[in-house]
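My entries follow in the order in which I went through them.

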Amino acid sequence: MGFRATILTLYPEMFPGHLGFSLAGRALQRGQWTMETVQIRDFAIDRHRTVDDTPAGGGAGMVLKPDVLARAIDDVAKDDRPRLLMSPRGRPLTQRRVRELASGEGIVIVCGRFEGVDQRVIEARGLEEVSIGDYILSGGEPAALVVLDAVVRILPGVMGNELSGVHESFEGGLLEHPQYTRPQEFEGREIPAVLTSGNHGAIEKWRHEQALALTKERRADLLATDAASQPVKK
Ligand code: SAH
């Protein structure tokens, strides 16, 4: 069976979104991964189907109720797939975590809304808080689509060219080297000669140097990790 994604959300219509298109969309149709959405509101039991309430201690906005969310999780996440909660307070998503998730049987993703989720359900249901960057979205749905996009594209057989993941940004701990394609000359700018030399050793060396220089300039933080000091894997 393929990779199974379960998404808990107040807006199930937002899925599969862009993942219904292109390679991910075709893989979904072929059953290489499956997606199930769960409407959190279906697990509210009062007459008004309330899912949120005012923050304890006061302040602006509303908080997702722990009891409602716990019932939803208990109903759909009976296995031991990782349970992610999209959250700006979470650990930033990395390609390493994406690879780990893709190697498992699937994923359960809870999409927050409003001011967030009651802390007690995060603890009680072992939710792993994951952030997609240092900015605030209005809801967890676009973040969940980002996580799924990154995971699905590296599932076996999803990307047409299996090798094309190997040299990408972050995979060797570095940002990727610049890319070029025809025409040979564009508005007076030539493709670097080494790339059309046919000398594969020289090309590999050039690409690694470029990747290293680019990473130094833009993301010196990445060089602190061990992987970056290794030559790019073939
Ligand atoms: N008050 C919260 C932000 C709530 S934003 C705080 O300051 O931390 C509403 C929801 O959007 C969150 O519950 C989360 O699910 C989602 N979200 C917002 N920004 C996100 C980010 N950078 N990464 C992942 N999820 C995010």
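**Terms and conventions.** I take contact to mean heavy atoms within 4.5 Å. Helices (H or I, at least four residues) and strands (E, at least two) are DSSP runs, numbered from the N terminus. Buried means under 20% relative accessible area, exposed over 50%, and partly exposed in between, with a 1.4 Å probe and protein chains only. The model is predicted, so I note that local features need pLDDT of at least 70 and side-chain atom pairs count only at pLDDT 80 or more, while totals for chains, interfaces and linings use all residues. Residues are numbered from 1 along each chain as its sequence is written, and side-chain values use heavy atoms, with hydrogens and water left out.

**Helix α2.** I started with α2, which covers residues 66-76. Its buried residues are V68, L69, A70, A72, I73 and V76. The cover over these buried residues includes β1, β2 (33-39), β5, β6 and α4 (119-124).

**Whole protein.** I counted seven helices and nine strands in the secondary structure. The C-alpha atoms fill a box of roughly 70 × 40 × 35 Å along the principal axes. Of the 234 residues, 38% are buried. For contacts between residues at least 6 apart in sequence, I found that 74% join residues at least 24 apart. The accessible surface is about 13700 Å², and 52% of this belongs to carbon and sulfur atoms. Accessible areas come from the Shrake-Rupley method with a 1.4 Å probe; for residues, only the protein chains shown count as cover.

**Nonpolar cores.** A nonpolar core here is a set of buried Ala, Val, Leu, Ile, Met, Phe, Trp, Tyr and Cys residues joined through side-chain atoms within 4.5 Å. In soluble globular proteins, nonpolar side chains tend to be buried together. The largest core has 27 residues, and I107, V147, V151 and L155 touch the most other members. At least two residues each come from β1 (3-9), α1 (22-30), β5, α3 (95-102), β6 (106-110) and α5 (141-152). Helix α5 gives the most to this core, eight residues. I then picked V147 and listed its contacts beyond four places in sequence: L84, M86, L93, L101, I107, I109 and I132. There is also a second, separate core of 22 residues, with I40, V51, V117 and I122 among them.

**Ligand shell.** Which residues come nearest to the ligand? They are M86, G112, E115, G133 and Y135, out of 20 residues around the ligand; near means that a heavy atom of the residue lies within 4 Å. Strands β5 (83-92) and β7 (128-131) each supply at least two residues of the shell. The largest share, four residues, comes from β5. I sorted the shell into nine nonpolar, eight polar and three charged residues. In this sorting Ala, Val, Leu, Ile, Met, Phe, Trp, Tyr, Cys and Pro count as nonpolar, Asp, Glu, Lys and Arg as charged, and the others, Gly among them, as polar.

**Polar contacts.** A polar contact is a pair of N or O atoms within 3.5 Å; within protein, one must be able to donate a hydrogen and the other to accept it, and residues adjacent in sequence count only if both atoms are side-chain atoms. A backbone N or O atom of G112 is 3.0 Å from a ligand oxygen. A polar backbone atom of E115 is 3.0 Å from a ligand nitrogen. For G139, a polar backbone atom lies 3.5 Å from a ligand oxygen. Taken alone the ligand exposes 560 Å², and the protein buries 85% of that.

**S131.** This residue lies in β7. Is S131 buried or exposed? S131 is buried, at 2% relative accessible area. A polar atom of its side chain lies 3.0 Å from the backbone nitrogen of G133. Leaving out residues up to four places away, S131 touches S87, P88, G90, R91, P92 and L93.

I found a cis peptide bond between F15 and P16, with omega about 0°; P16 is in the loop between β1 and α1. Another cis peptide bond joins R182 and P183, with omega about 5°; P183 is in the loop between α5 and β8. R49, not a glycine, has a positive phi of about 55° and is partly exposed at 36% relative accessible area. F114, also not a glycine, has a positive phi of about 55°, and its place is the loop between β6 and α4.
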